[in-house]
Amino acid sequence: MKILYLIFLWVSLFGFNGASEKKELTNEGAVVSLEEQMLGNKIIPEEILDIVEEVMPQYPELWDTPIEFKFTSIKGMTMCAQPKASVLYRSTDKRGYVIKMSDNVDPLNGMVVAEAPREVLVGLIAHELGHIMDYQHKSKLSMLRFGIGYVCSKNFMRKAEYAADSFAVSKGYAAHVTAIKNYVIGTECFPESYKDRLRNFYPSPEQIAVLEEEFLVK
């Protein structure tokens, strides 16, 4: 899985995929609704549309950011956010991203997105949007370093997941990201390897509470 992640990151940064990107359309002077402004450049499966519609208003920094939500096979995780392959050809404010979501249907392999409580799904989307917030202003070289660090260093991975949760908490989703931990740890059929990943690399409910208090003080 780590090797595949590095290959994807390398292609994302240095491979040629510009022709496959959809052209951006502008309609200067036109009045657009808030929903169009937030979601007009998003590709969202019907299964999670209402979740994204709930969360996206809290992330105005990402309203102009093209994001594709995509169900696919992801081993050992439920969702992950990555830059699209055009990252090499676009400035930081024009990048597109993909949020990959596990198409797993067997609880013995980990979370089944379709069966997760709504609060958990909200937390997951808020967390992944937090990753994109973290990526937004990184240069191409910084993104390459990030990918290598995430794959090769456990401490780096912890910091990356902490940063994503921090963004989610700052947007008011402390209870939702905590719900993810409680749901995974408390669901007996989920594999221990899946639970251990959450325990080892993501902030604990106690750390989330501290983060929430810090943002409330600010």
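## Reading helix packing and a pocket

Author: Let's start with a pair of helices: the axes of α7 and helix α9 (residues 205–217) come within 10 Å and cross at roughly 175 degrees. Bear in mind that this is a predicted model.

Reader: Okay, how should I read an angle and a distance like that?

Author: In general, two packed helices are described by the angle between their axes and the distance between the axes. Here, angles over 145 degrees count as roughly antiparallel, so α7 and α9 are roughly antiparallel to each other.

Reader: Which residues of α7 and α9 make the contact?

Author: From α7 you get Ala174, Val177, Thr178, Lys181 and Asn182, and from α9 Pro205, Ile208 and Glu212. Sorted by class, the contact of α7 with α9 has four nonpolar, two polar and two charged residues.

Reader: At what angle do α7 and α8 pack, and how far apart are their axes?

Author: Helix α7 (residues 174–186) packs against helix α8 (residues 192–201) at about 150 degrees, and their axes are 9 Å apart. The crossing of α7 past α8 is left-handed. On the α7 side, look for Ile180, Lys181, Val184 and Ile185; they meet Tyr194, Lys195, Leu198 and Arg199 in α8. That contact of α7 with α8 holds five nonpolar, no polar and three charged residues.

Reader: And how do α6 and α8 cross?

Author: Their axes come within 9 Å, at roughly 80 degrees. Angles of 65 to 115 degrees count as roughly perpendicular, so that's the label for α6 and α8. Lys154, Met157, Arg158 and Glu161 of α6 touch Arg197, Asn200 and Phe201 of α8. By class, the α6 contact with α8 has two nonpolar, one polar and four charged residues.

Reader: Switching to pockets, what's the general idea?

Author: Rolling a probe the size of a water molecule over the atoms shows where empty space is left. In this model, the second largest pocket has about 640 Å³ of space. It is lined by 33 residues, and the closest to its centre are Gly76, Met77, Tyr150, Arg197 and Tyr202.

Reader: Which element gives the most to the lining of the second largest pocket?

Author: That's α4, with five residues. The elements that give two or more residues include α1 (2–14), β3 (79–83), α5 (140–152), α7 and α8.

Reader: How does the lining of the second largest pocket divide by class?

Author: There are 20 nonpolar, five polar and eight charged residues in that lining.

Conventions. Residues numbered from 1 in each chain as written. Predicted model: local features only at pLDDT ≥ 70, side-chain atom pairs only at ≥ 80, totals over all residues. Heavy atoms only, no water. Axes fitted to C-alpha atoms, helices over the stretch in contact; angles between N-to-C directions. Helix = DSSP H or I, 4+ residues; strand = E, 2+ residues; numbered from the N terminus. Left-handed = near helix turned anticlockwise from the far one by under 90°. Contact = heavy atoms within 4.5 Å. Nonpolar A, V, L, I, M, F, W, Y, C, P; charged D, E, K, R; others polar. 1 Å grid on protein atoms, 1.4 Å probe; cavity = no way out; pocket = protein on both sides within 12 Å on 5 of 7 lines; lining within 4 Å. Points joined across faces, edges and corners; volume = space filled by probe spheres on them. Parallel < 35°, antiparallel > 145°, perpendicular 65-115°, else oblique.
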